[in-house]
Amino acid sequence: VRGRNRRPVTGRAVDARHGDIDRDRKPAVGGPSPGDSRKDPRPMQFAYVLPDPASYGDWAAFAADVACVQQAGYDAVELQITDPAAFDDERVRHTLEAAGLPLCAFQTGGSYATRGNCLSTADAAVRDRTERLLMSFVDLAARWRAVMVFGSLQGRLRDEPDRAVGAARIRAALTRIGGHAAARGVTIAIA
């Protein structure tokens with residue numbers, strides 16, 4: 001399997017697998033918060049992170065990795081996607097259904113290294129392009145009722161040496177992206 005790690009599957013993604021989403025339900029990871037008398041009967045669940053299906057030499061290799069994830073006992077799949085416009089929803093859905101696995105999240109950072117996308121840079125054109133890309137990730141996550149994981153596209157210190165300036169740019173973009181995500185019912189996990 002080409003994936004690299006496992007992540008706990010939390011609230012919305014787990015609930016999406018079992019039917020209607022109960023937005024008031026506590027996440028599966030960690031159970032109820034301190035002082036909460038409700039018991040969360042769900043055990044912790046794990047998702048395996050796989051690369052973008054488009055990065056495989058052929059679809060059979062991706063399908064084999066998904067089957068391996070299922071055979072290893074994972075509860076869901078998380079995908080690292082570079083470009084939502086190139087994502088083959090139907091083919092991925094068929095492959096995951098054949099393995100009996102839900103898709104719980106999309107990682108967004110693949111284009112940081114390959115295309116230089118980032119939100120903290122001084123280059124306004126790159127920031128605008130990255131924000132449009134993240135808006136399209138929100139739309140993709142909404143179609144799948146999945147979480148959008150945002151991390152690498154924040155950028156690095158070399159992209160903006162002044163932390164305060166970089167943070168302000170990220171905050172401004174995330175305010176707009178977060179508004180779009182809220183309207184679409186998408187959860188953004190910041191890594």
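I began with helix α2 (residues 59–71), whose 13 residues at 1.5 Å a residue should span 18 Å, and its end C-alpha atoms are 18 Å apart, which agrees; the expected span is 1.5 Å times one less than the number of residues, and helices are DSSP runs of H or I with at least four residues, strands runs of E with at least two, numbered from the N terminus.

The model is predicted, so I kept to its limits: local features need pLDDT of at least 70, side-chain atom pairs count only at pLDDT 80 or more, and totals for chains, interfaces and linings use all residues. Residues are numbered from 1 along each chain as its sequence is written, and side-chain values use heavy atoms, with hydrogens and water left out.

I then looked up which residues of α2 are buried (under 20% relative accessible area, against over 50% for exposed and partly exposed in between, with a 1.4 Å probe and protein chains only), and found Trp59, Phe62, Asp65, Val66 and Val69. They cover an arc of only 125° around the axis, taken from the directions from the helix axis to the C-beta atoms, which puts them on the same side of α2. On the other side, Ala60 and Gln71 are exposed. The buried residues pack against β2 (45–50), β3 (76–80) and α3 (89–99), where contact means heavy atoms within 4.5 Å.

At the ends of α2 I noted that a side-chain oxygen of Asp58 reaches to within 3.1 Å of the backbone nitrogen of Ala60 at the start, and that Gly73, which follows the helix, has a positive phi near 95°.

Definitions and conventions:
Polar contact = N/O pair within 3.5 Å; in protein donor to acceptor, adjacent residues only side chain to side chain.
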